[in-house]
Amino acid sequence: MTTIIRSPFLFASALVIVAVVAAAAPSAQPAARKQAIAHRGASGYAPEHTPAAYTLAMAQKADFVEPDLAVSKDNVLFCMHDDTLERTTNVAEVFPDRVSAGYETRQPGKHWLANDFTMAEIKRLDAGKWMKPEFAGQHLQTFQEAIDLVRGKAGLYPELKSPELYKSRGVDQVKLFVDIIRKNGLETPESLKTTPVIIQSFDESAIRRVAVDLPTVPRVFLTSKDEDVTEARITELAKFATGIAPEKFVIARHPEMVARAHAAGLTVTSWTFRADDKEMAFPNVKAEMAHFLYDLGIDALFTNNPDQFPRR
Ligand code: G3P
Ligand code: CA
């Protein structure tokens with residue numbers, strides 16, 4: 001028999017009781033904290049991959065700082081997004097005669113390949129003034145310097161960029177990475193508690209290798225392809241990855257993939273959320289991030305604007 005509460009006072013009291021009981025009851029699956037990953041540091045405000053960008057990301061309370069990783073001529077892992085130096089440094093001014101041959105087949109124009117320069121040479125380059133004169137004097141950081149800067153204050157979310165390019169030049173980028181993680185003890189359970197590390201790559205074979213060599217470290221497969229979010233593909237990815245990170249347009253086209261990935265035991269992260277995104281279909285980046293996190297249910301995202309990350 002259905003009981004109808006006719007008194008407005010009793011009805012309101014019943015609502016309060018239901019709300020209190022619901023709040024007190026342990027959730028079957030407590031919502032994990034949503035995570036903000038500072039994309040190339042707080043790169044909406046400071047030049048990407050410089051100490052200024054990483055320091056600001058931590059001041060803006062990013063959960064993770066993202067170092068994209070390149071390899072210098074003398075086999076030092078350092079933090080830079082592109083394979084080449086000319087977009088974010090003054091390499092063309094400092095080394096006008098050191099243009100690299102061959103890279104124009106990938107991208108038209110003159111290029112200065114990172115792997116053709118020693119770390120000492122890369123340290124001579126200004127990596128700040130291209131963005132704003134006030135950042136003149138900022139330099140690119142080695143991965144070791146980034147570890148030392150971030151460790152204990154935020155997590156690290158390194159991306160293995162272009163392992164196949166380095167392989168074609170006789171450089172094993174994945175091995176360099178595994179070695180530096182081990183040398184710093186970043187894969188140990190004690191370290192992971194205070195400095196979480198999550199590895200990401202578009203390169204499936206790199207993720208598979210890291211799964212074997214650093215099994216304690218979570219690893220996320222990046223994709224911008226719709227075919228990577230099918231049921232069959234997600235089942236396959238769950239055999240070696242701990243998460244999937246589709247570009248936001250893929251998730252918008254296939255919002256059901258979030259539940260599918262979670263059911264397979266994968267976390268879901270997306271990219272890239274930028275306040276200056278001209279294509280954005282939301283009033284602002286905070287609203288866009290809130291939609292993906294709280295309406296679509298993703299776990300984490302990469303943003304150039306960690307200060308706009310919506311916490312609830
Ligand atoms: O790594 C996630 C996201 O950063 C991928 O985009 O090109 O900025 O590395 P990209
Ligand atoms: Ca990246």
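Ala, Val, Leu, Ile, Met, Phe, Trp, Tyr, Cys and Pro count here as nonpolar, Asp, Glu, Lys and Arg as charged, and the others, Gly among them, as polar. The model is predicted: local features need pLDDT of at least 70, side-chain atom pairs count only at pLDDT 80 or more, and totals for chains, interfaces and linings use all residues. Residues are numbered from 1 along each chain as its sequence is written, chains are lettered from A and ligands numbered from 1 in the order in which they are written, and side-chain values use heavy atoms, without hydrogens and water.

**View 1. The shell around ligand 1.** The shell holds 3 nonpolar, 3 polar and 5 charged residues. Among them are His-39, Arg-40, Lys-161, Leu-222, Trp-271 and Phe-302. A residue belongs here if one of its heavy atoms lies within 4 Å of the ligand.

**View 2. Polar side chains at ligand 1.** Gln-200 places a polar side-chain atom 2.6 Å from an oxygen atom of ligand 1. For His-81 the distance to a ligand 1 oxygen atom is 2.7 Å. For Glu-66 it is 3.0 Å. Taken alone, ligand 1 exposes 290 Å², and the protein buries 91% of that. Such areas come from the Shrake-Rupley method with a 1.4 Å probe.

**View 3. The calcium ion (ligand 2).** Its protein donors are Glu-66 (OE), Asp-68 (OD) and Glu-159 (OE), at 2.1 to 2.4 Å. Donors are N, O and S atoms within 2.8 Å of the metal (3.2 Å for Na, K and Ca); water is not among the atoms, so sites may look incomplete. The donor residues follow the spacing E-x1-D-x90-E. Glu-66 sits in the loop between β2 (64-65) and β3 (68-71) and Glu-159 in strand β6 (residues 159-160), so the pair ties together parts 93 residues apart in sequence. Strands (E, at least two residues) and helices (H or I, at least four) are DSSP runs, numbered from the N terminus. Both Glu-66 and Glu-159 are buried. Buried means under 20% relative accessible area, exposed over 50%, and partly exposed in between (1.4 Å probe, protein chains only).

**View 4. His-49 and its partner.** His-49 is in the loop between β1 (35-38) and α2 (51-59). His-49 is buried, at 0% relative accessible area. Its side chain makes a polar contact with the side chain of Tyr-54 (2.7 Å). A polar contact is a pair of N or O atoms within 3.5 Å; within protein, one must be able to donate a hydrogen and the other to accept it, and residues adjacent in sequence count only if both atoms are side-chain atoms.
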